[in-house]
Every structure is written in structure tokens, then in C-alpha cells.
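Colleague: Before I use these coordinates, I would like to go through the labels one by one and hear what stands behind each of them. Could you show me the model first?

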Amino acid sequence: MEQILLDYYKLTNCGLNPMAGYVSENYKVTSDQGIFVLKVYEDSSITREEILAENELIGRLTHLSKSQVSQPVANNHDSAITIHDNKIYRLLSFVEGRFLADATHTPELFESLGSFMADIDLSLMDFRNAGIERRRLEWDLQHLNLVKRLADHIQEPYQKKLVKHFFIQWELNVYPKISALRQSVIHNDGNDWNILTHDNEVTGIIDFGDSVYTALINELAITIAYGVFGKEEPLKWACKIISGYHKKLPIEKEELNLLYYLIAGRLITSVCKSAQEKLSQPDSEYITISEKPAWDLLNEWIKINPTLAKNKFYEAAGFEKPAIDTIEHAISRRKKVTGSNLSISYKNPIYMESAAFQYMFDRYGNTYLDAYNNIPHVGHQHPEVVAAAQRQIGHLNTNTRYIYDALHEYAELLLSKFPNPLTKVFFVNSGSAASDLAIRLAQNFTNKQTIAVMEHGYHGNTRIGIDISHYKYNGSGGKGKDDNIIEATLPDTYRGKFKGSSNETGRSYANEFIETLKHSNQEIAAFISESVIGCGGQVPLAPGYLKHVYSYIRSQGGVCISDEVQTGFGRLGDYFWGYEMQDVIPDIVVLGKPIANGHPMGAVVTTDAIADSFDNGMEFFSSYGGNPVSCEIGKAVLRVIEDEKLQQNAKIVGDYHMASLRELHKDFPVIGDVRGSGLFIGIELIKNESLTPNTELAQHIKNAFREKQILISTDGPYDSVIKSKPPLCFSKENVDQVVETLRDVLIDWKE
């Protein structure tokens, strides 16, 4: 190479220092004639064409000198390239300055960055070149789907989930619209190692090797993506770049509408390419130099409400933010078409727009940490669940009168989570329908009608569901207990008749209930209960309770039903199913809520004997139960729980949450009890040592949390228990936010 530099460029006394690069070998050249950059490529007609196209592009940047942009240096034959031994040699001027990555970042510098990139784009607005326009690069945002397959190289499940989420958001929000945006040749790689600065101003740019003809706004998205690396308030810094750009080259509203997703698109391209390159070059610092900050920014980007980003971008460009319907008007429209008993959470209701994992986004730009909703079990809009639904609904959705693989495949997967003799499953549309069917199965199998239920239990909104739900029939508007219902006293180890958490406590409660059953003179068809009574205030049944009750129920010919609608699928951490807490196996299990992550689905799992007895000539059919879409979603949920180790996460994060709350309890005696398991947690609030329920404080906390953008709710017979059953992707960082917020609210309450 030194000989080539001498023979073709007359450079003497050359020193070559390797520089990193993707498609070429790069060297910094020091010589008697100055400093240059030498790029060496494998020779091909396409590479020659692209180099000449880049040179033509650089020639259009007449506002920049050779000290601001790497310009080609002609060889002795007045050619921009030198061909020798199947290699292409290209010499460029060396641009002096401090890389943006190394510079002190200020708002003024970022405005200068936006202005600098706008000047480049203005110079290229009418530039057309066939060599550049033929490029189909993975780094071109309009071809984002080219890197989608690379997401499978990402090893860490959470990171893979994050990337796949943004791929789906791209397909929903960007793909249908990007082709209608302004198109131009752009630099396409304004990263912090290609931008040069001096004295708080952007002064130069290098590396046009990724230049493409694409949507103009992609230039800004790429520049912002790298510019805001490591920033605590990325939107604030992004807006400085937008402001500087817009002053030189006005941005259109349609472009700003997509900018949040375009920025995410560049970030996921970067981490996907890094994952690919690490397979062949695991120790390459150049390949991975942007990986960590890109992941850090993606972790922050997922928490940003897309509406907030759009509003901030509009403001930076001097536009009024888009008008949003008032929540008052939305509530008014809702009330006109729904029953007045359709309730709304919080004194100040929330007008929701979208969600992602443990975050929910309202229509006004606010982000809420969801510490409450247990139905999106593996996280709101989990990409595996979304993709499963999209694939199947576009392929086949029918009913169980036809044969399709999804039904038996999902049934096999689901039943593998249960011990013998639970070997049969009936699919329905909800937990309520599942409870209803479970009672029908029990009464049919036993030829008995009386149902034993748990105090404060809740099992659904069907007629049978309400009849067996003490929470409903004994509550406001309820008609009271039917004659064929027998109630068990809630075996509450904190507030109940028998104190303590030993097996003797469970035995005492069980013996009391068994005596009630004996004196009822009624034959019991079934006993139904959750293992943690949600509506009772997140109360775990006293240890050993079910073992004794189940034994008696079976001894007199009844069956035992475990309602796992809230406790199942690993939420309890130590247990996949709630009944495992009590070391029992039920005869019938009711499933709902998390089974399909919010898709309407439920199931009843039971024994061969009970299922066979139900085949009495009357067909069992559910129009939608077990349809292919539901089954594919169900499969995805089980797969995600396994792949992302969400049961283990519920255990680790749940234990941490309980320990943190119990530490808080030491400072605030109004916290009477902290209870639960995994990510099924109740915080009972009291007024005094006599355990008087503190309903007022519970409601204050719930609504104060809402104003601090954390979602929790209350439950229990006095509505005095804070309940937290978040998606299983909840983190220790999320726990810290919840606990510190609770501390602040309790301090304010005391004052």
C-alpha cells in the first residue's frame, strides 16, 4: 500500500494506521504531503459504480470544504480510483475535528447538528444518481424488513421482545405511509462517530458509504437516534436537532407523525446488525461500539408515549400539536350507548390510547406504569402474542366442528402443565363462561345441586357465576344467597377468627367449615374457591386448608374446583397453579384472564371421568371457544412464559416487592398487612391496632398513584386493600418506583 501511495499519489514517507470499517479496509495515512484516508475494496463493477456515485454526491456539497467533508483525491491518471491486483484503492482528504461522540453536548451544538444536516439535504434535494438509487441496504429505513430476520440472533429474551415490538409498530404505523413522504438522496449515517465538531459547532462529516435514495425524514431520524444516546431526557435533545433542521429545511407534519417510530427503526437496525456481526466477530469493538447505548435508548424509548413524542416534535418545529377529543366528551358519548353501571376507574378517568409491556399510554401523552392489570399476563401487546394473532386471523378462523391442528396442539401444551388425572379440556370464551361450565360439569357428574363457595369469592358475570360468587350476591345490588349455596368463612390468617400462618390455622378453619357442611343436611355437588381470594382483599387461604376441605367434599361424593382465573400461569412465582400452594389436586380447574393475554378465552380442565359423564347426548359447543386464533394466542402465551422465564421473574421480583413493602410497613403502621405470593400482592390499610379498615386512605392512595402515573387499585370487603397484580415482566426498577411513590403518598397523608 505504501508503494501504491507513492506510485499513484506521489505520497512520501507514509505511515498507515488501521481504522475500523464494514465494507472496506480503512487506513489513516500520514505523509509528507499531509493526512489522508485510504479505503481498500474488493474490485467489482458494482463497487466501482457506487464509489463514483458517492464522489458525484460529495461534489454536490459545494458549501463544504475538503476540511469539512472527505473529498476524493485523484491519482496520477486523474482518476478517483486506483485498480491494482483485484483491489480498488481510494484516497480521501482527512477531516479534522472532534467527533460528536467525544464532544461536550450542549443545546447549541445540537441545534447546529440539525442545521448542518439540513444544509446537506438541501444540497441533495434535486440530486439523482442511478448508482445510489439502485442500492437496497439493510441500513435504509425504508427497507427495515430486511433486518427483521436478524432479530433471532439476539440472545436475551427481553431484548428480542423489545426489538420485535418495534418491528410490529413499524408495520402498523410506518409501512403504510412512508412511500408517500418526500424522497431524496441522504447521507443516511449521521452517527456520533461520523459527525465532527469544533467550538460547540458541527463542522464536518465523513463516510458517505451508506448514502441512499429514501424518505427525506430518515436523515433526521438517524441523526437523532445517535445524537440522544445516553441522554436522560432524549426528547428534549431530539427537539433541539429538529429545531435546527426545521429552520433550514422545513419538515412536514406527516413526516413528524412517523418520527418516533423511525428513530426506533434505526435503533433496532443497529442492535440487529450488531447481533449478526457478533456471531463472526464477537470481539470487534467497532461492531459493538453503538450496541450498549442503542439498547439503553430502546429501553427508554419504550416508556415514551408516542403521542408525547409527536407533540414535542410538533412544538420543536413550530406547529400546534394535533387536537385531541376531551375525555369529558368521550365519557359523554360512552354513557349514551352503555349502561350506567359500566364503571370507570379513578376519580380522574384515563383516556387510553396504546400500551407496551408494563406501560400504558393515554391520548394526551402520559405514560403509566401498570402495576395493576393482570390480564395482559406476559405484557401488553407482547410481540409474540400479537404476531400469533395476526398470522392466524389472516389464515383461518373457524369453529371446533372442523379439524385443525391449533386446537389439539394447544390442548396438549396446556394439559402438559397439569398433573394426572387432569387430562381433558373444554375451551370457552372467558373465565366467567368457564366457571359456568365447571358448575354444570360438577352437577352433572354428581347428580347433586348444592355448591359450597368461599366468602368474598368471585367467579364471573354469568347467572351461575353470580349465584356462586359471594362477592356479587352479597354485595350491592345482589339478591342474596340461594338455598343451594353454602358459604365457607374466609380462612384469613390476619383478620380472621383463627390467627397465624401454621397448618393448625388451616385445619381449624377447615374443621369449622366441615361442621357447617355436616349440619346443612345437603349433599354437595362441588366446592369452588380460589387459592388466593382476590375480591376478599388478596387473601391467601390458610396453609393446609384445602387439603382438609377437599378430603371431606370428596368423601361425601362431591368434586373440588380450583378457580385459577387470577392465580394461574405462574403469577404466584413458586407455583404455576394456585392449588399447588395447598398441596392438592382439584377435580376441575377454571382458567381465564391471562390464558390469552387479553384475547377473550377461557378453559375448563378436568378428569376423564367427569368429561365422559358430560357426554350424555347433549352436544357441547362454543361458537368461539377453541377457535384457531385463540389457540395460537394461547400457545404463544405459554411459549413466552417459558422462554422469558416469567414465572421465575414473578418469584424474584415478587419476593423483592414483598420485602420492600414490609420494610415500608416498619415506618408506617397504617400498613396493617402485606401478603400474597409472586406478583399477586395485597397491602391492607388500617386505622389502628384494632384493625379498623382504612378505606379512605386506600382510595386516596389509588387516586394519588393515578396522578403520579402508576396504576393500582383496591379490593376487599371494605375496599381497604391495595392490590397489585402487574404483567409478569414487571421489574425491580418498577418495584422501586411503586414503593417510593407509596412512601411519598403516605408521608403526605401523615402531614
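Colleague: Where is Asp-643 found, and why is Asp-643 called partly exposed?

Modeller: This is a predicted model, and in it Asp-643 belongs to helix H21, which covers residues 628-643. The relative accessible area of Asp-643 is 47%, and because the partly exposed class runs between under 20% for buried and over 50% for exposed, Asp-643 is put in that class.

Colleague: What makes Tyr-213 partly exposed?

Modeller: The value for Tyr-213, which lies in strand E11 (residues 212-215), is a relative accessible area of 23%. Buried would require under 20% and exposed over 50%, so Tyr-213 counts as partly exposed. Leaving aside neighbours within four places in sequence, Tyr-213 is in contact with several residues, among them Arg-128, Glu-133, Asp-140 and Gln-183. Leu-109, by comparison, is 104 residues from Tyr-213 in sequence and 27 Å from it, C-alpha to C-alpha.

Colleague: How do you know that H3 is mostly covered, and what span does helix H3 reach?

Modeller: Of the 18 residues of H3, 13 are buried, each of them under 20% relative accessible area. Helix H3 (residues 107-124) reaches 26 Å from its first C-alpha to its last, close to the 26 Å expected at 1.5 Å a residue. For the chain as a whole, 55% of the 751 residues count as buried.

Colleague: What makes H23 oblique to H24?

Modeller: Helix H23 (residues 695-707) and H24 have axes that come within 10 Å and cross at roughly 125°. Roughly perpendicular covers 65 to 115 and roughly antiparallel begins over 145, so an angle of roughly 125° leaves H23 oblique to H24. The crossing of H23 and H24 is right-handed. The contact is made by residues including Leu-697, Ile-701 and Phe-705 of H23 and Val-738, Val-745 and Trp-749 of H24. The contact of H23 with H24 has 9 nonpolar, 2 polar and 1 charged residues.

Colleague: Which residues make the contact of H6 and H7, and how do they divide by class?

Modeller: Helix H6 (residues 217-227) and helix H7 (residues 234-248) pack at an angle of about 145°, with their axes 9 Å apart, and their crossing is right-handed. Leu-220, Thr-223 and Ile-224 of H6 make the contact with Ala-238, Ile-241, Ile-242 and Tyr-245 of H7. These divide into 6 nonpolar, 1 polar and no charged residues.

How values were computed:
Residues numbered from 1 in each chain as written. Predicted model: local features only at pLDDT ≥ 70, side-chain atom pairs only at ≥ 80, totals over all residues. Heavy atoms only, no water. Helix = DSSP H or I, 4+ residues; strand = E, 2+ residues; numbered from the N terminus. Buried < 20%, exposed > 50% of the residue type's maximum accessible area, 1.4 Å probe, protein only. Expected span 1.5 Å × (residues − 1). Axes fitted to C-alpha atoms, helices over the stretch in contact; angles between N-to-C directions. Parallel < 35°, antiparallel > 145°, perpendicular 65-115°, else oblique. Left-handed = near helix turned anticlockwise from the far one by under 90°. Contact = heavy atoms within 4.5 Å. Nonpolar A, V, L, I, M, F, W, Y, C, P; charged D, E, K, R; others polar.
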